[in-house]
Amino acid sequence: MTWARAMAGLAALVVACSGCAGKEAVPAEEARALVEKGRLAAREGDYRMAVDLYSQAVAEDPEFAEAYNERGKSNVQLRLAPGEGQDVRIYEQNALHDFTIAVQKNPSYADAYFNRAMVLASRAQYKLAVEDLLSAIRYNPRDQDSHRWLGNLYELKFEDRLLSAMDHYEKYVDLGGTDPVIREKVRTWKESRKAMSAVPPPVHKPATPEDERKAAEIHARAMELLAMPDKTEALQLLENLLSTYGNTKYVQEKLGALQAVISTFKKRGPPK
């Protein structure tokens, strides 16, 4: 699944991630009632009315983090709705502001961290999105979606973070995640690690400082090429790295990961 396609489901993810909130002070009764009315309006597709009701809840109880989070979710829906008649970036900025206020009011609010991460990722602010997803996982370690999208970001938007991506994909699967593409990645990854762990490391002559430098250069270039649809050149470079500079400390520290990457992408076959 491409990142663009993944972000097409932003609204559904923001709305669907529920039950992730941390504890907060008990809100005023009127504020709670207004939030429930806002949720009803949102379920009926009247997001403008929902925003208005959540705003009334915030006015009633300015510390009610859930009201800000819910208003942010409705602003995301308005951001994605066609024909709204104003700059859609206003809704996006409003949503970002609401999720930020929500986590300020309740710093353990996993739901709000996740929602803000989705908006940040749609803006290509990937480092900030990763930080928010890590916070969401800190306060709700069993949330499948946070592990899934953190793995997606690490795999597609960061060089040399495939190990981190696979770690979160594994957690996603362990928690019951059903995405078939991710499940297949994890299955292949585990098989590769198992196979590679049984192979003893080769014996090489001592490496020179120049060898270490060349190994780092080749690895960096291979990681750049690995982000391309056609992995052929990247795999060739990685295999050359292992065969020519396998004696370097640089390669030895990454040996298992490099072998697993080669095995994983080779099994996928050439791009179609």
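**Note on the helix 12–helix 13 packing and its surroundings**

1. In helix 12, the residues Asp211, Lys214, Ala215, Ile218, His219, Arg221, Ala222, Met223, Leu225 and Leu226 meet Glu233, Ala234, Leu237, Leu238, Asn240, Leu241 and Tyr245 of helix 13, where contact means heavy atoms within 4.5 Å. By class, this contact of helix 12 with helix 13 has 11 nonpolar, two polar and four charged residues (Ala, Val, Leu, Ile, Met, Phe, Trp, Tyr, Cys and Pro count as nonpolar, Asp, Glu, Lys and Arg as charged, and the others, Gly among them, as polar).

2. The model is predicted, with local features needing pLDDT of at least 70 and side-chain atom pairs counting only at pLDDT 80 or more, while totals for chains, interfaces and linings use all residues. Residues are numbered from 1 along each chain as its sequence is written, and side-chain values use heavy atoms, with hydrogens and water left out.

3. Helix 12 (residues 209–226) and helix 13 (residues 232–245) pack at an angle of about 160°, with axes 8 Å apart; the axes are lines fitted to C-alpha atoms over the stretch in contact, and angles run from 0 to 180 degrees between N-to-C directions. The two helices, helix 12 and helix 13, are therefore roughly antiparallel, a label given to angles over 145 degrees.

4. The secondary structure of the chain comes to 15 helices and zero strands, these being DSSP runs numbered from the N terminus (H or I, at least four residues, for helices; E, at least two, for strands). Of the 272 residues, 47% count as buried, with buried meaning under 20% relative accessible area, exposed over 50% and partly exposed in between (1.4 Å probe, protein chains only).

5. The largest nonpolar core has 69 residues, and those with the most contacts inside it are Leu133, Leu238, Leu241, Val251 and Val261; such a core is a set of buried Ala, Val, Leu, Ile, Met, Phe, Trp, Tyr and Cys residues joined through side-chain atoms within 4.5 Å. Helix 7 (residues 110–122) gives the most to this core, with eight residues. Leaving aside neighbours within four places in sequence, Leu241 is in contact with Ala215, Ile218, His219, Gly246, Val251 and Leu258.

6. A backbone point concerns Ala124, which is found in the loop between helix 7 and helix 8 (126–139) and has a phi near 65°, a positive value in a residue other than glycine. Ala124 is partly exposed, with a relative accessible area of 46%.

Methods
Parallel < 35°, antiparallel > 145°, perpendicular 65-115°, else oblique.
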